[in-house]
Structure formats: structure tokens, C-alpha cells
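Biologist: I have a model on my screen and want to learn how to read it. Can we go through it feature by feature?

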Amino acid sequence: HKASSMLAIIGGSGLTNLSTLAVAHREVVRTPYGDPSSALLFGEIAGREAVFLARHGHGHTVAPHRVNYRANLWALKEKGATAIVAVASVGGIRDCLPGDLVLPHQLIDYTSGRDQTFFEGGEGNVVHVDFTHPYADDLRERCLAAARAAGIPLRDGGVYGAVNGPRLETAAEIDRMDRDGATLVGMTGMPEASLARELGVPYASICVVVNHAAGRGSSASEISMEGISQVLESGMDRVRRLLDHIAPLLAPEAAP
Ligand code: HPA
């Protein structure tokens, strides 16, 4: 059977597996845009239909600038995803601390050289999607409601600055992003968000702040990788619990 609604979760660093997903089957999906980062895992979260995709592959082998975002998003849409919650680890520029979970409401795209559209114009098909509000309002509201129900602090609002990586930023680059209004910095938020919009699938992102951005706070002189892994682990534990509360707000109970 095919569910009328299915939650898709894209997991990033620290969330290459979802222990709370009862996996029913896995499927290797091919798309006109190439292969997704990993097989799709179909199953249930809290009794609701869900599909999980590891953005960097199950063994975390695909770097942010090599991720085939088009194939990932296409595969999720093709397999019936009706909402996408993307989990990402980020650096904190302002209004947040390492360990915080943030639900951004805006983004700024600093990436370049990535395949960023399904509408190449080759077939005379030039499309300009509206992207005024890059994250789906309704989906954001449900994430916030789930966080309240779960008693897990989730900050409402933030401006995600998407950079190429894989290197981290200079202090001056972070200063510039701060002046632009970015409060978070990460390497995968774009073109993921705009590709979801092109496909018409509501998209929201739960960001785990794993370090102060370059030149800020405890990252004043350098960004410590040891610090990151601990914060990442505890942050992702909270994200897993949060997803357990999000799923029931998005999908009907799975058929027995
Ligand atoms: N910069 C960019 N991406 C990141 C960071 C950062 O400081 N931390 C986690 N992802």
C-alpha cells in the first residue's frame, strides 16, 4: 500500500542512522540526475510511515560539496515524501550556543558550483520558483509544537548561511556573514531547500549547533574537532526524540 502522507528525514553528520526508525525495507533508487547518497530506508517512526536518507551516505563518505542534492531530493519525491525534515549540524554565529537546536526561518546562499535546479531550460522550460520564505511555515509550526510536547528546547527562527566547505570559515568570513544577518553557518542547506521547493515538497531544517563559528566564543583561536563530536552526539539524541514527536503530527497511523 502507499500512504497518503509520508515524512522524509534527511540525516546529516551524527545522524547517519535513525535508531528510532523501524526499518521495513531499503531501496536503492536511481534518478535522471544520478544516484542519491545512499539507499532509502523505509519504515515507521512512532507508528507513522517514514523514509530516511543519509545525506553523506551510511558510512559518511560523501563530502558536502559532492552530495548529489538533486538525486537525493528527486528520489524522496518520487518515493512519495510529502514533507521533508532535514537535520544538519551547524556553527553558531549569533543568538545560539553549542548544544542548541535551532529551526531556521530564513537562509542566505553563499554556495557556488553546485547543480542547483531541476529546470535547466533545455526543453524550453524556464521556471523561477518563489523562495521568499524558504522553509515551509506549516511544517515549521508542527516541528515547534512537537518540541513543546516533547519538552525539548527548539529555538524558533534563525538565518542559515550556506557555504561550500569542506573547509571551515575564516573569522572575517564569519564577521561578514554576521553583518549580512546570518546566525548559523552550515555546508548542506543549499541547494537542498530550493530543490525541495522546486519539487513542491514542504521542507524544514532542524539545526544542531555543534560549535561557535570561527573567531567566536570558544572558537576564538581555532575550532576544536574534539569538542564537536560530543555536542553532536547529545544533540542528535535529542533530535531523534524530537522526530518521534514530529512524525505523529505529519502522517496518519500506518496501516497494520
Ligand atoms: N561552519 C560550517 N559548517 C559547519 C560548522 C561551521 O562552523 N559547524 C558544523 N558545520
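The talk below goes through a pocket, a ligand, a helix and some backbone details.

Modeller: One thing before we start. This is a predicted model.

Biologist: How much space lies in the largest pocket?

Modeller: About 470 Å³. It has 28 lining residues, and those closest to its centre are Ser13, Ser89, Leu168, Met187 and Val210.

Biologist: What classes of residue make up that lining?

Modeller: There are 16 nonpolar, 10 polar and two charged residues. Strands E5, E10 and E11 and helix H5 each supply at least two of the lining residues.

Biologist: Which residues are around the ligand?

Modeller: Among them are Ser89, Gly91, Leu168, Glu169, Met187 and Val210. A side-chain N or O atom of Glu169 is 2.7 Å from a ligand nitrogen. A polar backbone atom of Ser89 lies 3.4 Å from a nitrogen atom of the ligand, and for a backbone N or O atom of Gly91 the distance to a ligand nitrogen is 3.3 Å.

Biologist: Now helices. How do I read which way the residues point?

Modeller: An α-helix has 3.6 residues a turn, so residues three or four places apart point the same way. Now take H5, residues 225-250. Its buried residues include Ile228, Leu232, Gly235, Val239, Leu242, Ile246 and Leu250. End to end, the C-alpha span of H5 is 35 Å, close to the expected 38 Å.

Biologist: What caps the N-terminal end of H5?

Modeller: Ser224 does, with a side-chain oxygen 3.4 Å from the backbone nitrogen of Glu226.

Biologist: Is Thr31 buried or exposed?

Modeller: Buried means under 20% relative accessible area. Thr31 has 12%, so it counts as buried. Thr31 sits in the loop between E2 and E3. Its side chain reaches the backbone nitrogen of Tyr33 at 2.9 Å. A polar atom of that side chain is also 2.8 Å from the backbone oxygen of Gly34.

Biologist: What should I look for in the backbone itself?

Modeller: Most residues other than glycine have a negative phi, and most peptide bonds are trans. Look for departures from that. The bond between Gly165 and Pro166 is cis, with omega about 0°. Met190 and Pro191 are also joined by a cis bond, with omega about 10°. Pro166 lies in the loop between E9 and H3, while Pro191 lies in helix H4.

Technical notes: Residues are numbered from 1 along each chain as its sequence is written. This is a predicted model: local features need pLDDT of at least 70, side-chain atom pairs count only at pLDDT 80 or more; totals for chains, interfaces and linings use all residues. Side-chain values use heavy atoms; hydrogens and water are left out. On a 1 Å grid over the protein atoms alone, a cavity is a set of points where a 1.4 Å probe fits but cannot get out, and a pocket is an open set with protein on both sides within 12 Å along at least five of seven lines; lining residues have an atom within 4 Å of a point. Grid points are joined across faces, edges and corners, and a volume is the space filled by probe spheres set on the points. Helices (H or I, at least four residues) and strands (E, at least two) are DSSP runs, numbered from the N terminus. Ala, Val, Leu, Ile, Met, Phe, Trp, Tyr, Cys and Pro count as nonpolar, Asp, Glu, Lys and Arg as charged, and the others, Gly among them, as polar. The expected span of a helix is 1.5 Å times one less than its number of residues. Buried means under 20% relative accessible area, exposed over 50%, partly exposed in between (1.4 Å probe, protein chains only). A polar contact is a pair of N or O atoms within 3.5 Å; within protein, one must be able to donate a hydrogen and the other to accept it, and residues adjacent in sequence count only if both atoms are side-chain atoms. A residue is near a molecule or strand if one of its heavy atoms lies within 4 Å of it.
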